[in-house]
Amino acid sequence: MATRGFSGRGRTPSGQDRLPPGQYTTADFPVLSLGPTPRVSLDTWRFTLRVGPKPVKQWTWDEFNRLPMTGVTQDIHCVTKWSKYDTAWEGVSIDDLLADAGLDAPTPWVLAHSFDDYTTNVPFADLAGGRGMVALRYAGQPIDADHGGPARLLVPHLYFWKSAKWVNGLQFTQQDVAGFWELRGYHMYGDPWREQRYSGD
Amino acid sequence: MVPTPKRQWQVARVAAIETLTPRIKGFHFTLPEPPAFTAGQHMDVRLVAPDGYEAQRSYSIASAPERPDRIELAIERLEDGEVSSFFHDVVQVGDEIELRGPLGGHFVWSVEDGGPILLIGGGSGVVPLMSMVRHHAARASSIPVTLVTSARTAVDLLYLDEQRRLQANGVFRLVARVTREAAATPDLGSGRIDRPLLQGVLDAMPDPRIVFVCGSNPFVGTVADLLLDLGVTAGRIRTERFGG
Ligand SMILES: Cc1cc2nc3c(=O)[nH]c(=O)nc-3n(C[C@H](O)[C@H](O)[C@H](O)COP(=O)(O)OP(=O)(O)OC[C@H]3O[C@@H](n4cnc5c(N)ncnc54)[C@H](O)[C@@H]3O)c2cc1C
């Protein structure tokens, strides 16, 4: 249905094939989180890889920073409708993380955990093959706490709530377990190109 | 329980438009299928141009869940804002606008969740909190509720008159601050929402079950940090950030 009197702001024709449906571009980097920004100290920071309830490997901040670093520049898309082009991240790819742990994915499902008890589910296939990383730097700098630092998950091809801020672990699960927002009506997968914002989309 | 989101877009009719503050207008909608919602949830709005171009934004529901037949959104005009200035400049009573919802399942409260609850809103961040306050009043609840609001000047304080009236019940308490003028009346303080102010509010309500904080990103960040400094545990603080 066309809205009476609405013509829309100037479109950027060259960028349109980059912009998923219902999104608009912003030059800022808006902040969205469900509570206060947690206070995470690098001395006590730990990253834990689990299979089911069982921890299989844990890294300190220093150990984590010695893992191979990968850089990516990607567009990101937030379910609250903004997209930001060409965001530059550096971090440890999930491939490198599993290689360091000597682990082959034991199940196809992963639940990411954060310091603020946030969780979100991402299929392993969407993390493997260079598609996902634990990012430590944004635009050449350590990631601000507001944007998820010291470390956040980065899965840029899914809506950005999947890129868990303040991430402190990945857990392989026996089935696809809904995370924080997925339990509250958001989509289990969250593909911006198919506009999978809410369950049922 | 939080109602599950309604995926379908509905064509809502604009039943009334009110000027609430110099920068904020209230839009009352009637929907073919009135949404069952919980206070704090939002609706998505979709505007479509003749060539198919779309703009979507989220707006919190200001009205009480007890009145699903008339959904009120309160929209602040942002200079050059694509959707907010369209609402302010173009939308008229009788227009049809596409909405879907209710959406959002974390920044929500109903009297069944218990209290006391502390609500802190900056500018248009008062909108979802007002739905909670109206719900609380509609249910004649005895749960203690304190609302702390701040805006530039007294006329920018959203729903101030209604909040003042509701204070009369003795259960709801209003603490309002203006940041850019001297306080005009005895019940308005001037200055920002700062540590001493929040300390005083927490002295009067020492153990809030949930603290809801809503507004621009800098506002929410500052207030949430102050609350942590004052010893409120992170798990009790829920935030909604409108942007900026
Ligand atoms: C869950 C949720 C609930 C919300 N609830 C409310 C609510 O109850 N009330 C409310 O008023 N808002 C609410 N918001 C914010 C709302 O969704 C919109 O973000 C807001 O109305 C701005 O949209 P816009 O299209 O007017 O501005 P946009 O066009 O998106 O612009 C955003 C900002 O960028 C600036 N800008 C625009 N164009 C340009 C340009 N070309 N160059 C540089 N800068 C530019 C604008 O001045 C503006 O400040 C909510 C947001 C969320 C996520």
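This is a predicted model: local features need pLDDT of at least 70, side-chain atom pairs count only at pLDDT 80 or more; totals for chains, interfaces and linings use all residues.
Local features need pLDDT of at least 70 and side-chain atom pairs count only at pLDDT 80 or more, whereas totals for chains, interfaces and linings use all residues; side-chain values use heavy atoms, without hydrogens and water. Residues are numbered from 1 along each chain as its sequence is written, with chains lettered from A and ligands numbered from 1 in the order in which they are written.

In chain A, strand β11 (residues 167-173) is mostly covered, with seven of its seven residues buried (under 20% relative accessible area, 1.4 Å probe, protein chains only). Strands are DSSP runs (E, at least two residues), helices likewise (H or I, at least four), and two strands pair if DSSP finds at least two bridges between them. Strand β2(A) (residues 46-51) runs parallel to β11(A) and is joined to it by four bridges; Val51(A) has Phe172(A) as its bridge partner. Six bridges link β11(A) to β6(A) (residues 109-114) in the antiparallel sense, where Leu170(A) stands opposite Ala112(A).

The ligand lies between chains A and B. Domain 1 (9-103) and domain 2 (111-242) of chain B both contribute residues to the shell, so the ligand lies between these domains (bounds from an automatic or database domain assignment). The largest share of the shell, four residues, comes from β4(B). Polar contacts (pairs of N or O atoms within 3.5 Å) include a polar backbone atom of Glu79(B) at 2.3 Å from a ligand oxygen atom and a polar side-chain atom of Arg57(B) at 2.9 Å from a ligand oxygen atom.

Key: Buried means under 20% relative accessible area, exposed over 50%, partly exposed in between (1.4 Å probe, protein chains only). A residue is near a molecule or strand if one of its heavy atoms lies within 4 Å of it. A polar contact is a pair of N or O atoms within 3.5 Å; within protein, one must be able to donate a hydrogen and the other to accept it, and residues adjacent in sequence count only if both atoms are side-chain atoms.
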